[in-house]
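Reader: I would like to learn how to read charges, cores and domains in a model of this kind. Please take the features one at a time.

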Amino acid sequence: MAKVNDNYLKLPGSYLFSTIGKKVAAYAAENPDKKIIRLGIGDVTQPLTPTIIQALHSAVDEMADAETFRGYAPDLGYEFLRKAIADNDYVARGCDIAADEIFVSDGAKCDSGNIQEIFSTDNKIAVCDPVYPVYVDTNVMAGRTGEYDPATGNWSDVIYMPCTAENGFAPELPKTVPDIIYLCFPNNPTGATVTKDRLQEWVDYANKNGSVIIYDAAYEAYISEENVPHTIYECEGARTCAIELRSFSKNAGFTGVRLGFTVIPKDLKVDGVSLHSLWARRHGTKYNGAPYIIQRAGEAVYSEQGKKETAGLVAYYMKNASYILNGLKDAGYTVSGGVNAPYIWLKAPNGMTSWEFFDYLLTTANVVGTPGSGFGPSGETYFRLTAFGSYENTVEAVDRLKRL
Ligand code: MLT
């Protein structure tokens, strides 16, 4: 008789953004006259830019001609895209990353969930608290996290690194040494960042202890301040301890198009085994590559015009971020993030829990955000707003919050 993977049965509730989606859909169905403004999931709202659209059209035309038609993409990505990524995101920043250390995929969410497969289930993971739920949930599915304690919201075999107002929402180096460390900067959900010196401490810690850092840099395009690293490979020694995850979703608006990549340097070895080889083996076996059409669109992001247009998109969303940040500060909220990230992290007012504030905001202001506790116990009493709405909706949402 077949048996299910009972690790799945340990997962409490549904995926955070599915739960929110269901709650909002139920409220909308009961209140069809209300104009709901959605600043919950970090999904973009602005269209793909002209250079990207042109690249997509021309790649579609290539598929209509036997001479230029493409079938399966190379497992690890087309060379034209891997080279554009290496040149622009790494070599141009003085980082030693080569095209053949880049694995093109259909997005950072999948990669951040799948990457744990190449590690032993005995490994102990460390995560920030609050954290992007995919890192923890996928380790639960793999059986790496022990038992869930509903009272604390913690898993028995996970090392939590609290990110609180006291430490500026940036974790301390853990006292118990983890095997795998998940870091995300600029951070989802808090919008916090670390300096290059601080990130260097993490790299040194990982190299000293034989830990691997899985570094999610999906929001790097939003960095506006100096001395905030755009990639972990700006740090010395990162080639021997770090994997980096990147996305085209947040900078170029590809959430519905799907494109991302993972960097695994060839120097990164665990017990003498190359993680690059393991991930290549996994990719080759389980994945047929992001579509040619989409990879051409990704290449266009790195053209001169593509870069200008992408910068325009980022500026558009960061104008929203400033509007939310300043508007809520003026209204007396305790608020952070929004300077190097498209997320604003605020304290729920009047002692409300995160979910109480979610319900209150949905029903009184018809604004949707994300309850901080959905990202982990230290997120309780916090709330995340995204800057990815339209400017008009963002202004209206902030005005509604000010009137509460
Ligand atoms: C978020 O809202 O945290 C992200 O958009 C989710 C994602 O990128 O998968």
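Author: Start with burial: a residue is buried under 20% relative accessible area, exposed over 50%, and partly exposed in between, with a 1.4 Å probe and protein chains only. A salt bridge is a side-chain nitrogen of Lys or Arg within 4 Å of a carboxyl oxygen of Asp or Glu. This is a predicted model, in which local features need pLDDT of at least 70 and side-chain atom pairs count only at pLDDT 80 or more, whereas totals for chains, interfaces and linings use all residues. Residues are numbered from 1 along each chain as its sequence is written, and side-chain values use heavy atoms, with hydrogens and water left out.

Reader: With which side chain does D216 make a polar contact?

Author: A polar contact is a pair of N or O atoms within 3.5 Å; within protein, one must be able to donate a hydrogen and the other to accept it, and residues adjacent in sequence count only if both atoms are side-chain atoms. The partner is the side chain of Y135, at 2.6 Å. Contact in the wider sense means heavy atoms within 4.5 Å. Leaving aside neighbours within four places in sequence, the contacts of D216 are Y132, Y135, L183, C184, F185 and L245.

Reader: What should I look for in the charged pairs, and how many salt bridges are there?

Author: Side chains of opposite charge can pair when their charged atoms come close. The count here is 18 salt bridges. One of them joins D87 and K83, at 2.7 Å from N to O. These two are 4 residues apart in helix α3 (residues 79–90), so about one helical turn separates them. D87 is partly exposed at 33% relative accessibility, and K83 is partly exposed at 44%.

Reader: Which parts does the salt bridge between R246 and D89 tie together?

Author: In that pair the closest N and O atoms are 3.3 Å apart. Because R246 lies in strand β9 and D89 in helix α3, the bridge ties together parts that are 157 residues apart in sequence. R246 is buried at 3% relative accessibility, and D89 is buried at 11%.

A further bridge joins D96 and R239, at 3.9 Å from N to O. This pair also links distant parts of the chain, 143 residues apart: D96 is in the loop between α3 and β2 (102–105), and R239 in the loop between β8 and β9. D96 is exposed at 57% relative accessible area, whereas R239 is buried at 17%. Salt bridges that share partners join D89, E220, E244 and R246 into one network.

Reader: Which residues touch the most other members of the largest nonpolar core?

Author: A nonpolar core is a set of buried Ala, Val, Leu, Ile, Met, Phe, Trp, Tyr and Cys residues joined through side-chain atoms within 4.5 Å. The largest has 100 residues, and I85, L183, I213, I232, Y233, F248 and L346 touch the most other members. Helix α10 (residues 304–330) gives the largest share, 7 residues. At least three residues come from each of domain 1 (13–46 + 305–402) and domain 2 (53–303). Apart from this core lies another of 27 residues, among them F119, I125, V140 and W279.

Reader: How are the two domains placed?

Author: Domain bounds come from an automatic or database domain assignment. The protein is divided into domain 1 and domain 2, and 25 Å separate their centres, taken over C-alpha atoms. Across the boundary, 31 residues of domain 1 are in contact with 40 residues of domain 2.

Reader: Is P229 buried or exposed?

Author: P229 is buried, at 2% relative accessibility, and belongs to the loop between β8 and β9 (242–247). P229 and T195 are 34 residues apart in sequence and 6.5 Å apart in space, C-alpha to C-alpha.
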